[in-house]
Amino acid sequence: MAQYDVNVALIACGVVLTLGGLICWAWAPETGTASLGEVAEQAQKESDDHIHH
């Protein structure tokens with residue numbers, strides 16, 4: 001950080017956070033209409049599938 005201004009570090013952090021947010025938004029499953037129990041059940045099934053394959 002000695003070479004660069006603090007603003008450059010903050011901009012870089014903002015870019016990384018924005019990219020991470022966009023990736024999560026694009027690939028995370030939509031759970032807004034599901035109950036917590038349904039989401040937990042689905043996550044457990046997927047976890048079991050990954051373990052057995």
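Good morning, colleagues. Please keep in mind throughout that the structure before you is a predicted model. I shall begin with the chain as a whole.

The secondary structure consists of 2 helices, with 0 strands. Helix 1 covers residues 6-27, and helix 2 covers residues 36-52. Along the principal axes, the C-alpha trace spans about 50 × 30 × 15 Å. The radius of gyration is 19 Å, whereas a compact globule of 53 residues would have a value near 10 Å.

How much of the chain counts as buried? The figure is 0% of the 53 residues. The chain exposes about 5100 Å², and carbon and sulfur atoms supply 66% of that area.

One pair of residues illustrates the spacing within the model. Ala43 and Gly14 are 29 residues apart along the chain, and their C-alpha atoms are separated by 30 Å. Ala43 belongs to helix 2. With a relative accessible area of 43%, Ala43 is classed as partly exposed, because that class lies between 20% and 50%.

Let me turn to the surface. Which residues form a nonpolar patch there? They are Ile11, Val15, Leu19, Leu22 and Trp25, and together they have about 580 Å² of accessible area. Val15, one of these patch residues, sits in helix 1. Its relative accessibility is 44%, so Val15 counts as partly exposed.

Finally, the cysteines. How many disulfides does the model contain? The count comes to 0 disulfides. The reason is distance: the sulfur of Cys13 has its closest cysteine sulfur in Cys24, 16 Å away, which is too far for a bond. For reference, the two sulfur atoms of a disulfide must be within 2.5 Å. Is Cys13 buried, exposed or partly exposed? Cys13 is partly exposed, because its relative accessible area is 46%.

To summarise, the predicted model has 2 helices and 0 strands, 0% of its residues count as buried, a nonpolar patch of five named residues includes Val15 and Trp25, and the cysteines form 0 disulfides. Thank you for your attention.

Key. Residues are numbered from 1 along each chain as its sequence is written. This is a predicted model: local features need pLDDT of at least 70, side-chain atom pairs count only at pLDDT 80 or more; totals for chains, interfaces and linings use all residues. Side-chain values use heavy atoms; hydrogens and water are left out. Patches are made of residues with over 30% relative accessible area and no salt bridge: like charges are joined within 9 Å, nonpolar side chains (Val, Leu, Ile, Met, Phe, Trp, Tyr) within 5 Å. Accessible areas come from the Shrake-Rupley method with a 1.4 Å probe; for residues, only the protein chains shown count as cover. A salt bridge is a side-chain nitrogen of Lys or Arg within 4 Å of a carboxyl oxygen of Asp or Glu. Helices (H or I, at least four residues) and strands (E, at least two) are DSSP runs, numbered from the N terminus. Buried means under 20% relative accessible area, exposed over 50%, partly exposed in between (1.4 Å probe, protein chains only). The radius of gyration is taken over C-alpha atoms; the globule rule is 2.2 Å times the number of residues to the power 0.38.
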